[in-house]
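Subject: Structure handover

Hi,

Here is the structure I said I would pass on. Have a look at it first, and then read my notes below.

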Amino acid sequence: MEQTLGLSARRSLPHYTNARFDRWFEKHAVAGGADPGTAVNDRGYNRGKVILWDDTFVRYHEPHIGIAAVKVLEALGFEVSLVKNRECCGRPAFSQGNLDAAAKLGKHNVDLLNSTNASPARTGSMPILFLEPSCYSMFVEDYRELEIDNAEKTAARCFLFEKFVDDLLVQEPDALRFKDRPATVAIHAHCHTKSIMNPAFMKRLAERLPGRKATVLDTGCCGMAGAFGAVSEKYDLSVQVAAHLIDKIEKQPPGTEIIASGMSCRHQIVDLTNARPKHMAELLAQAIA
């Protein structure tokens, strides 16, 4: 692959899951007695509906993150839906300068989210929650730069998953009950998150879990940046960029839980350390009492 495609032999490749998230979600919905595409639980709902954007990596590679997010949202009392027939957000194309392709994908997604015929998003008003920061920033910043119709309207409905949950818990601290367990949590914030908001809220969110002591690491880019770190001619530079992050992680006390909500960040950390980073959704879901 290095000789034919230019992908470094030193870089691991993402593993495909044998249980896609969207297919798990459909079974989850059917088991609850709802139409496929709308999850239900046995508690009933009191907060209305939200859309979970199941990005490419959650759908095909890391379904456990999507499952964790559904658990958290349902525990909060939300009815969770996926968007049928959605396309890639266009981040890979946009990052490579293929703006026409990115705009085409963006137009499809924005039209779908605002369509009166797009079930379950037919109301065109539900909050849209993102697990992957690079997808989130595409919707709230880059679609507008591409001058896609209704991009501004759609952006107003978009939220990063952990920020959405934190905002709710600021208003209602007792909305979730968490198990008490002493633990140290180190959080690496994604570059796209830091470009849009102050990531300090992540410490507050993690420390809502009784017994946890959290730190948002003072780190820069992980060096992976999507496909950049997988290209053979960029691999060494990718590792050099990651050096500061890796040093911070390796200096954490034994047993520290590493949180990285970006897919590329987790990939880099797994490749270059012995740590097994989690998404914030996993940390929260595993702590629910």
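Two strands count as paired if DSSP finds at least two bridges between them. With that in hand, strand E5 (residues 183–188) and strand E7 (residues 257–260) are a pair: they run parallel and are joined by 4 bridges. One of the contacts to look up is histidine 188, whose bridge partner in E7 is alanine 260. Before you go further, please keep in mind that this is a predicted model.

E5 has another partner too. Strand E6 (residues 212–216) pairs with E5 in the parallel sense, over 5 bridges. There, isoleucine 187 has valine 216 of E6 as its bridge partner. Is E5 enclosed or open? Of its 6 residues, 5 are buried, so the rest of the structure largely encloses the strand.

Now the nonpolar cores. The largest one has 68 residues, and the members touching the most others are Leu52, Val72, Phe161 and Leu284. Helix H4 (residues 63–75) supplies the largest share of this core, with 7 residues. Apart from it there is another core, this one of 12 residues, including Ala186, Cys222, Leu245 and Cys265.

Valine 58 sits in helix H3 (residues 56–60), and its relative accessible area is 3%, so it counts as buried, the limit being under 20%. Beyond residues up to four places away in sequence, valine 58 touches Phe21, Pro63, Ile65, Gly66 and Leu131. Serine 134 belongs to helix H7 (residues 133–145) and is buried as well, at 13% relative accessibility. Which residues does serine 134 contact, once neighbours within four places in sequence are left aside? They are Arg91, His190 and His192.

On to the charged pairs. There are 18 salt bridges in the structure. In one of them, arginine 11 meets aspartate 271, with 2.9 Å between the closest N and O atoms. That pair links distant parts of the chain, since arginine 11 is in the loop between H1 and H2 while aspartate 271 is in helix H13, 260 residues apart. Arginine 11 is buried, at 5% relative accessibility, whereas aspartate 271 is partly exposed, at 25%.

Glutamate 257 and lysine 278 make another salt bridge, with the closest N and O atoms 2.7 Å apart. This one brings us back to E7: glutamate 257 is in that strand and lysine 278 is in the loop between H13 and H14, 21 residues apart, which again links distant parts of the chain. Are these two residues buried or exposed? Both glutamate 257 and lysine 278 are buried. Not counting residues up to four places away in sequence, lysine 278 touches Glu257, Ile258, Ile259, Ala260, Arg266 and Gln286.

There is also a salt-bridge network that links Arg20, Asp22, Asp54, Arg59 and Arg86. Within it, the side chains of arginine 20 and aspartate 22 meet at 2.6 Å, N to O. Arginine 20 is partly exposed, with a relative accessible area of 23%, while aspartate 22 is buried at 15%.

A few loop details to finish. Asparagine 85 has a positive phi of about 65 degrees although it is not a glycine. You will find asparagine 85 in the loop between strand E2 (79–81) and helix H5 (91–95), and at 63% relative accessibility it counts as exposed. Alanine 225 is also a non-glycine residue with a positive phi, near 50 degrees. Alanine 225 lies in the loop between E6 and helix H12 (235–250) and is partly exposed, with a relative accessible area of 48%.

Last, the surface. Met1, Leu5 and Leu13 form a nonpolar patch there, and together they have about 320 Å² of accessible area. Leucine 13 is in the loop between helix H1 (2–5) and helix H2 (21–31), and with a relative accessible area of 42% it is partly exposed.

Cheers

How values were computed:
Residues are numbered from 1 along each chain as its sequence is written. This is a predicted model: local features need pLDDT of at least 70, side-chain atom pairs count only at pLDDT 80 or more; totals for chains, interfaces and linings use all residues. Side-chain values use heavy atoms; hydrogens and water are left out. A nonpolar core is a set of buried Ala, Val, Leu, Ile, Met, Phe, Trp, Tyr and Cys residues joined through side-chain atoms within 4.5 Å. Buried means under 20% relative accessible area, exposed over 50%, partly exposed in between (1.4 Å probe, protein chains only). Helices (H or I, at least four residues) and strands (E, at least two) are DSSP runs, numbered from the N terminus. Patches are made of residues with over 30% relative accessible area and no salt bridge: like charges are joined within 9 Å, nonpolar side chains (Val, Leu, Ile, Met, Phe, Trp, Tyr) within 5 Å. Accessible areas come from the Shrake-Rupley method with a 1.4 Å probe; for residues, only the protein chains shown count as cover. A salt bridge is a side-chain nitrogen of Lys or Arg within 4 Å of a carboxyl oxygen of Asp or Glu. Contact means heavy atoms within 4.5 Å.
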